[in-house]
Amino acid sequence: MTLMIETVTPPESGKFRLKLQLAADILVSADSARRRVSTFVGEEIADLLYGERPDLVWQERGVSWRVPVVLSSRALGRIGVVGAIDVDVKTGELIVSPDLIQALEENAQRLAAGAAL
C-alpha cells in the first residue's frame, strides 16, 4: 500500500524535511473500498470497468482510499486506468461528482477506441 500526502508541496530543489504524525480511524478496508468502486462503476458507467487496489491518501478534507478505475475486456484483459475514485475511510462514501463520472466515461471511450474492442 502507498500513502500519498496531497496537502504538502515540497520545494523544487534543496533540503526538504517533513515530520509526520498522522492519525486516522480506518473503518472501511481497502478491499471494501475497491469492491464499492467496482460495483458503482460497473452499474453506473460501464460493465467493463472495475476498481483496483487502492492507495491511502491524506488530503485537506481527510483520509480516503484512492481506487484506480480500470477498463478491461474479456478478449484483451486489463486495458488501462481511466481515472480514480476516492472512498472515505470512515463512512465508505464514494466521493464522486458529475464531472468525475463524465471524465471516467470519456477516458474509457478513448481507451476502448484505441484498443479496438
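Predicted model: local features only at pLDDT ≥ 70, side-chain atom pairs only at ≥ 80, totals over all residues.
Colleague: How many residues does helix 1 have, and how far does helix 1 reach from its first C-alpha to its last?

Modeller: Helix 1 covers residues 30–44, so to speak 15 residues, and reaches 21 Å, close to the 21 Å expected at 1.5 Å a residue. The expected span is 1.5 Å times one less than the number of residues. Helices (H or I, at least four residues) and strands (E, at least two) are DSSP runs, numbered from the N terminus.

Colleague: Okay. Which residues of helix 1 are buried?

Modeller: Ser32, Ala33, Val37, Ser38, Phe40 and Val41 are. Buried means under 20% relative accessible area, exposed over 50%, and partly exposed in between (1.4 Å probe, protein chains only).

Colleague: And what do the buried residues of helix 1 pack against?

Modeller: They pack against strand 2, strand 4, strand 5, strand 6 (94–95) and helix 2. Contact here means heavy atoms within 4.5 Å.

Colleague: Now helix 2. Which residues are buried there?

Modeller: Leu104, Ala108 and Ala112 are the buried residues of helix 2. They sit on the same side of helix 2, because they cover an arc of only 60° around the axis. That arc is taken from the directions from the helix axis to the C-beta atoms. On the other side of helix 2, the exposed residues are Pro98, Asp99, Gln109, Arg110, Ala113 and Gly114.

Colleague: What covers the buried side of helix 2?

Modeller: The cover includes strand 2 (49–51), strand 4 (62–73) and strand 5 (77–88).

Colleague: Which residues touch the most other members of the largest nonpolar core?

Modeller: Val37, Val41, Leu49, Val69 and Ile85 do, out of 20 residues in that core. Strand 4 gives the most to this core, with five residues. A nonpolar core is a set of buried Ala, Val, Leu, Ile, Met, Phe, Trp, Tyr and Cys residues joined through side-chain atoms within 4.5 Å.

Colleague: Switching to charges: how many salt bridges are there?

Modeller: A search of the whole structure finds five. A salt bridge is a side-chain nitrogen of Lys or Arg within 4 Å of a carboxyl oxygen of Asp or Glu.

Colleague: Which residue does arginine 66 pair with?

Modeller: Arginine 66 meets aspartate 86 in a salt bridge (2.7 Å, N to O). Arginine 66 lies in strand 4 and aspartate 86 in strand 5, so the pair ties together parts 20 residues apart in sequence. Arginine 66 is buried at 18% relative accessible area, and aspartate 86 counts as buried at 7%.

Colleague: Which residue forms a salt bridge with glutamate 52?

Modeller: Arginine 78 does, with the closest N and O atoms 2.7 Å apart. Arginine 78 is in strand 5 and glutamate 52 in the loop between strand 2 and strand 3.

Colleague: Last one: is aspartate 55 buried or exposed?

Modeller: Aspartate 55 is buried, with a relative accessible area of 18%, yet has no salt bridge. The nearest side chain of opposite charge, arginine 53, is 4.6 Å away. For that, Lys and Arg count as positive and Asp and Glu as negative, with His and the chain ends not counted.

Notes
Residues numbered from 1 in each chain as written. Heavy atoms only, no water.
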